[in-house]
Amino acid sequence: MLVKTKAIVISALKFQEKSLIVKCFTLSNGLKSYFVRDAFSSRKTSQKIAYFQPFSILEIEAVHKNKGTLENFKEIKTAVAFQTIHTDVVKSTIVMFLSEMLHYSIQEEEKNESLFVFLETALTWLDHHDEVSNFHLILLLEATKYLGFYPDISESDLPYFDMIEGVFVHFHGVNSLTEHETNLFKILIDLRFENSQKIFHVLERQILLKILIDYYSFHLDGFKKPKSLEILKEIFS
């Protein structure tokens, strides 16, 4: 089947000496993996390598056989021409980390248009703003709405948050955040990209980042801690 769709690059893995395996989150079909043969072998194809940076947003034409094997691109072009995401060291570190997080979070080959639109909108916001120290925290929490485990905030006045059940509770249990951690988490829940800056200091962001990674770990089978986590911590230290 020939498919034309937007696609967000999640990862690109070098295969043997000259090829790439590229994982994309597509608007039309959810998560798909593509084989790019001889990506490093000629001037014409090597120019395409720039397309496959983390969170690049592409317009692709591809052949989808839908047999659980690697698919193939026919045409690729940039859908959103980012100006700063891949050149600013802070932003590029953020997107590297977030793409790793989503690599282990988006697990099904099925359409999730609302998640795609959310990510595209969020990345466009990131590209156009400079105060981005809490961007990754907000995106990870908001993404759980589309991944199926957003916290139940109906009783958010309660003092503790249970990480397994995803609810606020009266008493501190083995799977609960402390009262201080819960208060930070409540502040994060109320934040949006446009009003998020200079809310947390460095240690509070580190606490929240650990909370979010643990929360993903509890709710996603096969989730792994991103290798780029330490780089991210260094950038924001």
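The model is predicted, so local features need pLDDT of at least 70 and side-chain atom pairs count only at pLDDT 80 or more, while totals for chains, interfaces and linings use all residues. Residues are numbered from 1 along each chain as its sequence is written, and side-chain values use heavy atoms, with hydrogens and water left out.

We begin with two helices. Helices (H or I, at least four residues) and strands (E, at least two) are DSSP runs, numbered from the N terminus. Helix α3 covers residues 113-128, which makes 16 residues. From its first C-alpha to its last, α3 reaches 23 Å, close to the 22 Å expected at 1.5 Å a residue; the expected span is 1.5 Å times one less than the number of residues. Several residues of α3 are buried, among them Leu115, Phe116, Trp125 and Asp127. Here buried means under 20% relative accessible area, exposed means over 50%, and partly exposed is in between (1.4 Å probe, protein chains only). The buried residues of α3 pack against β1, β2, β4, α2 and α4, where contact means heavy atoms within 4.5 Å.

Helix α5 (residues 179-190) has twelve residues and reaches 17 Å between its end C-alpha atoms, close to the expected 16 Å. Its buried residues are Thr182, Leu184, Phe185, Lys186, Leu188 and Ile189. The neighbours that these buried residues of α5 pack against are α4, β6 (160-162), β7 (167-169) and α6 (202-219).

Next come the charged pairs. Side chains of opposite charge can pair when their charged atoms come close. A salt bridge is counted when a side-chain nitrogen of Lys or Arg is within 4 Å of a carboxyl oxygen of Asp or Glu. The structure holds eight salt bridges. One of them joins Glu61 and Lys4, with 3.9 Å between the closest N and O atoms. Glu61 lies in strand β4 (residues 57-63) and Lys4 in strand β1 (residues 2-15), so this pair ties together parts that are 57 residues apart in sequence. Are the two partners buried or exposed? Glu61 is buried, with a relative accessible area of 18%, whereas Lys4 is exposed at 67%.

Other salt bridges lie within a helix. Lys145 and Glu142 form one, their closest N and O atoms being 2.9 Å apart. Both residues belong to helix α4 (residues 135-147) and are three residues apart, about one turn of the helix. Lys145 is partly exposed, at 39% relative accessible area, and Glu142 is buried, at 8%.

Helix α7 (residues 229-235) also holds such a pair, Lys233 and Glu230, again three residues apart, about one turn of the helix. Their closest N and O atoms are 3.8 Å apart. Lys233 counts as partly exposed at 32% relative accessibility, and Glu230 counts as exposed at 51%. Elsewhere, salt bridges that share partners join Glu142, Lys145 and Arg192 into one network. Lys233 can also be placed relative to Arg205: the two are 28 residues apart along the chain, and their C-alpha atoms are separated by 9.3 Å.

Now to the empty space. Rolling a probe the size of a water molecule over the atoms shows where empty space is left. On a 1 Å grid over the protein atoms alone, a pocket is an open set of points where a 1.4 Å probe fits, with protein on both sides within 12 Å along at least five of seven lines; lining residues have an atom within 4 Å of a point. Grid points are joined across faces, edges and corners, and a volume is the space filled by probe spheres set on the points.

The largest pocket has a volume of about 320 Å³. It is lined by 17 residues, of which Ile10, Ser11, Ala12, Leu13 and His103 lie nearest its centre. At least two lining residues come from each of β1, β2 (19-26) and α2 (89-103). The second largest pocket has a volume of about 220 Å³, and its lining includes Phe25, Ser105, Leu115, Tyr146 and Leu220.

The last stop is Phe55, in the loop between α1 (43-46) and β4. Most residues other than glycine have a negative phi. Phe55 has a positive phi of about 70°, although it is not a glycine. Phe55 is buried, with a relative accessible area of 1%.
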